[in-house]
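Visitor: I would like a close look at a single part of this protein. Please take me through it step by step.

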Amino acid sequence: MENYRHKIQYYETDKMGITHHSNYVRIMEETRVDMMEKMGYGYDRMEAEGVMSPVMSVSLEYKKPTTYPDIVEVELRVANMSHYKITFDYRMTVGGVLVCHATSMHCFLDSATGRPVVIEERFPEFYKILSGLRIGE
């Protein structure tokens, strides 16, 4: 899977000229949405088919600051998968230097009932693609 690229915008920086920490969560979402759309399983498709995928947790470890107009390249992998949850791993680099390492955990729920959905059963092809993105695979 091709890495996602995000150009730091001037408005994303603080008074010190450094990218505000909250923007990294947005970059994570941009990356995840882009990856899912490229796989053919964007949020619009999943929601149209009655599935939502809320964020359960987010963790970020900042390594080096970024500034305008840095290009942040994000490698997205699957750190862990179960029947109901998936944890994505994000390695964000600028010029090959690690600037942030992050994870986000998501579940899959039936939109009508709010009950957990087994993604392997509901979207077997999507599950197969995600399995191929596991760290160490």
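Visitor: Which residues touch the most other members of the largest nonpolar core?

Guide: A word of caution to begin: this is a predicted model. Now to the core. The largest nonpolar core has 32 residues, and Met92, Phe126 and Leu130 touch the most other members. Helices H1, H2 (43-48) and H4 (124-131) each supply at least two residues, and so do strands S4, S5 (85-94) and S6 (97-107). H1 gives the most, with six residues.

Take Leu130 next. Leaving aside residues up to four places away in sequence, Leu130 touches Met35, Met39, Val78, Met81, Ile86 and Phe88. Now look at Ile129, which lies in helix H4. Ile129 counts as partly exposed because its relative accessible area is 28%, and that value falls between the 20% and 50% cut-offs. Ile129 and Met39 are 90 residues apart in sequence, yet their C-alpha atoms are 7.7 Å apart in space.

Met39 brings us to H1. This helix covers residues 23-39, 17 residues in total. From first C-alpha to last, H1 reaches 25 Å, close to the expected 24 Å. After H1 comes Gly40, with a positive phi near 90°.

Stay with Tyr24 for a moment. Its side chain makes a polar contact with the side chain of Thr66, at 2.7 Å. Thr66 sits in the loop between strand S3 (55-62) and strand S4 (71-81). Thr66 counts as buried because its relative accessible area is 0%, and buried means under 20%. The Thr66 side chain also makes a polar contact with the side chain of Thr19, at 2.6 Å. Beyond residues up to four places away in sequence, Thr66 touches Thr19 and Tyr24, and also Ile8, Gly17, Ile18, Val72, Val94 and Val99.

Four bridges join S4 to strand S1, and the two run antiparallel. Within this pair, Lys7 stands opposite Ile71 in S4. S1 spans residues 4-7 and has two faces. Tyr4 and His6 make up the covered face. Arg5 and Lys7 make up the uncovered face.

Notes. Residues numbered from 1 in each chain as written. Predicted model: local features only at pLDDT ≥ 70, side-chain atom pairs only at ≥ 80, totals over all residues. Heavy atoms only, no water. Expected span 1.5 Å × (residues − 1). Buried < 20%, exposed > 50% of the residue type's maximum accessible area, 1.4 Å probe, protein only. Polar contact = N/O pair within 3.5 Å; in protein donor to acceptor, adjacent residues only side chain to side chain. Contact = heavy atoms within 4.5 Å. Core = buried A, V, L, I, M, F, W, Y, C linked by side-chain atoms within 4.5 Å. Pairing = 2+ DSSP bridges.
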